[in-house]
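The following briefing is intended for reading alongside the sequence and the 3D structure. It is arranged by topic.

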Amino acid sequence: MSEKREAPSPGGSLDLQADCANCFGLCCVALPFAASADFAVDKPAGKPCTNLGTDFRCGIHTRLRDEGFPGCTVFDCFGAGQKVSQITFGGQDWRQAPQTARQMFDVFPVMRQLHELLRYVTEALALPPARPVHAELRRALNDIDRLTHGSAESLAELDVPALRHDVNALLLRTSELVRAAVPGRRKNHRGADLIGARLKGADLRGANLRGAYLIAADLSRADLRTADVIGADFRDADLSGADLTGSIFLTQPQLNAAKGDAATELPPALSRPAHW
């Protein structure tokens, strides 16, 4: 965390790519984490990570995995950090204005969810088969973008679950339209427990993997083209040689959490993680 992301995200002018140089290290302060395989220590919400420098940069950014913080390497705020820092709070940081800290830390997780929704809706708008819902998607995009420019007070009061529910209906319709072009019977593993599953070489074209638990699953050489993977947990999943081109709603954090190799085929908007 607290460094510029390795890969671009769809979204362009909406600024959906993290720019940590213009953020006050919010992911390293506002969010809690517990000692585990992902984090070396416990840290409560609102307390700065001990690795956060006075310049709001991570002091061990290049060694995060080696130091026991792989969880930091798979987090992406999708540009929410700089939006809260520079727009919502006008460039006034929580160290110089400690009276703003609590509110800033409360707003950041809300903004992060809004930016995540913007990222998904932006991708949906770039998918030609989803044209029947493009008008609704554009309205949603404009509405969410407007919300991100609201006051700290209005952001803190947002009913985010209700908003996510409404937007998810559009994203699901998008998924159905895109996957309808895949011939044959498409597998439905929505929310499935596929932890450690042996799916080597599996034909998962057009599959519904929304929210599936694919932790440590063997997906080597699997065909995931046009599969809907929104919210799928790829931690330690083996994607070596897998084909992910055209996968719907795949994000860089999902790839960063997985294992892969030079033969893994990725969508053009995403990058091969450095640890592969």
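**Surroundings of R210**

Apart from residues up to four places away in sequence, R210 touches N168, L171, L172, S175, R190, G191, D228, I230 and F249, where contact means heavy atoms within 4.5 Å. The model is predicted: local features need pLDDT of at least 70, side-chain atom pairs count only at pLDDT 80 or more, and totals for chains, interfaces and linings use all residues. Residues are numbered from 1 along each chain as its sequence is written, and side-chain values use heavy atoms, with hydrogens and water left out.

- R210 is found in the loop between α6 and α7 (252-257); helices (H or I, at least four residues) and strands (E, at least two) are DSSP runs, numbered from the N terminus.
- R210 counts as buried because its relative accessibility is 5%; buried means under 20% relative accessible area, exposed over 50%, and partly exposed in between (1.4 Å probe, protein chains only).
- The side chains of R210 and D228 are joined by a polar contact of 2.8 Å. A polar contact is a pair of N or O atoms within 3.5 Å; within protein, one must be able to donate a hydrogen and the other to accept it, and residues adjacent in sequence count only if both atoms are side-chain atoms.

**Nonpolar cores**

- A nonpolar core is a set of buried Ala, Val, Leu, Ile, Met, Phe, Trp, Tyr and Cys residues joined through side-chain atoms within 4.5 Å.
- The largest such core has 59 residues, of which L26, W94, M104, F105, F108, I144 and L171 touch the most other members.
- Two or more residues of this core come from each of α2 (80-88), α3 (101-125), α4 (134-148), α5 (152-156) and α6 (160-179), and α3 supplies the largest share, 13 residues.
- Not counting residues up to four places away in sequence, L171 touches Y120, V121, A124, R210, I230 and F249.
- A second, separate core of 27 residues has A207, A227, V229 and A237 among its members.

- T148 lies in helix α4 and counts as buried because its relative accessibility is 0%.
- Beyond its neighbours within four places in sequence, T148 is in contact with K83, T88, M111, L114, H115, L118 and L155.
- G91, in the loop between α2 and α3, counts as partly exposed because its relative accessibility is 30%.
- Leaving aside neighbours within four places in sequence, G91 is in contact with F24, S85 and Q86. The C-alpha atoms of G91 and F24 are separated by 8.8 Å, although these residues are 67 apart along the chain.

**Cysteines**

- With a disulfide taken as a pair of cysteine sulfur atoms within 2.5 Å, the count is 0 disulfides.
- C20 is in no disulfide, and the nearest cysteine sulfur, that of C27, is 6.0 Å away. C20 counts as buried, at 9% relative accessibility.
- The sulfur of C58 is too far for a bond because the closest cysteine sulfur, in C28, is 6.0 Å away. C58 is buried, with a relative accessible area of 13%.

**Largest pocket**

- On a 1 Å grid over the protein atoms alone, a cavity is a set of points where a 1.4 Å probe fits but cannot get out, and a pocket is an open set with protein on both sides within 12 Å along at least five of seven lines; lining residues have an atom within 4 Å of a point.
- The largest pocket has a volume of about 1000 Å³, volume being the space filled by probe spheres set on the points, which are joined across faces, edges and corners.
- Its lining has 42 residues, and those closest to the centre are V74, R112, D233, P253 and Q254.
- α1 (70-73), α3, α6 and α7 are the elements that give two or more residues to this lining; α3 gives the most, with 6 residues.
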